[in-house]
Amino acid sequence: MLPRTFNEYLTQFRHTMTIYPQTWKFFKQHRLWEGDWDYRWLSRVLALIAIVIGFKMLSIFSNWWSHAHFNSFSETVSQMGALVGDVFKNGYSLIYASGLKYVMFMLLYVATAHFSIRTLAILSGREPQVVTFQTALHAQIRAFKVYIRCWILELIISSIMLSIFFGIFKSIAFLETPAIFIVSCYFVGFAVVDGYNELFGLSVKESMQYTRNYIGIALATGLVAQLLMTIPVFGPILMPIVSGIATTIAMYELSDLHLLDRELAVQLDELV
């Protein structure tokens, strides 16, 4: 498969990012929340994740309050800035440093898939697929396979390959952290894009191969998803909504899976 150019990936990234501000309007206009809560366990998972992160952030606030001083306006502003910094620092640490990232995204996979299915149905003008317990269970099993594969690949690239590379080229070692974050964005984004690819019958292997032509979409998706998950309480609720909607719209507008037969689409992308 011949890779696309950097400019094409950049165009994909920009296009996907411009879709995100429109997701809330799309969500309300088409009432995408309807149907999802037929699966009570989904709301419970979302609530559990929100509560876990909420308690963590509450402890941060409690610790900040016990040490805060408000003797002057400038001191108050400074203390508020410190609180915001602690919230995002600890939120990032909770999700990424503790290894919970892929577990949390995996738990939200079915919710993300729901909004992807509903969005695709609206864009294509067809009736949405009926999500039964069996299809939800199948999607969760696939999510486990996808996230395990992404986790292993991210570890190999970030902990071994990039470590060796920047160990050799020490003059640019300051780029190691951004490079690791970009790798993380791609694999998280791929997992969301895979939910779209699955709707057209692609296997996980075929999905990974196909998504290489849409790296820009995967990076934008992973970036926004990871940033949202650092937001206390509301982040885990918003992430599957905006990611499912924006990624589906971007893939529908830029890819050709909805126009071509699955095998033909994969074969053509191998030649492009």
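**Exercise 1.** Which residues in helix 9 (residues 204-211) are buried, and where do they fall when seen down the axis of helix 9?

*Solution.* The structure is a predicted model. Step 1: a residue counts as buried under 20% relative accessible area. In helix 9, V204, S207, M208, Y210 and T211 are buried. Step 2: viewed down the axis of helix 9, these buried residues lie within an arc of 165°, so they line one face of the helix. Step 3: as a general point, an α-helix has 3.6 residues a turn, so residues three or four places apart point the same way.

**Exercise 2.** Determine how helix 1 (residues 6-19) is placed against helix 10 (residues 215-228).

*Solution.* Step 1: the two axes come within 7 Å and cross at roughly 40°. Step 2: helix 1 is therefore oblique to helix 10. Step 3: the crossing of helix 1 and helix 10 is right-handed. Step 4: helix 1 contributes Y9, Q12, F13, T16 and M17, which meet residues of helix 10 including I215, L219 and L223. Step 5: by class, this contact of helix 1 with helix 10 has nine nonpolar, four polar and no charged residues.

**Exercise 3.** Determine how helix 8 (residues 176-198) packs with helix 10.

*Solution.* Step 1: the axes of helix 8 and helix 10 are 6 Å apart, at an angle of about 100°. Step 2: angles of 65 to 115 degrees count as roughly perpendicular, and helix 8 and helix 10 are therefore roughly perpendicular to each other. Step 3: among the contact residues are F181, C185 and V192 of helix 8 and I217, G222 and Q226 of helix 10. Step 4: the class count for helix 8 with helix 10 is 14 nonpolar, five polar and no charged residues.

How values were computed: Residues are numbered from 1 along each chain as its sequence is written. This is a predicted model: local features need pLDDT of at least 70, side-chain atom pairs count only at pLDDT 80 or more; totals for chains, interfaces and linings use all residues. Side-chain values use heavy atoms; hydrogens and water are left out. Axes are lines fitted to C-alpha atoms, for helices over the stretch in contact, and angles run from 0 to 180 degrees between N-to-C directions. Helices (H or I, at least four residues) and strands (E, at least two) are DSSP runs, numbered from the N terminus. Angles under 35 degrees count as roughly parallel, over 145 as roughly antiparallel, 65 to 115 as roughly perpendicular and the rest as oblique. A crossing is left-handed if the near helix is turned anticlockwise from the far one by less than a right angle, and right-handed if clockwise. Contact means heavy atoms within 4.5 Å. Ala, Val, Leu, Ile, Met, Phe, Trp, Tyr, Cys and Pro count as nonpolar, Asp, Glu, Lys and Arg as charged, and the others, Gly among them, as polar. Buried means under 20% relative accessible area, exposed over 50%, partly exposed in between (1.4 Å probe, protein chains only). The arc is that of the directions from the helix axis to the C-beta atoms.
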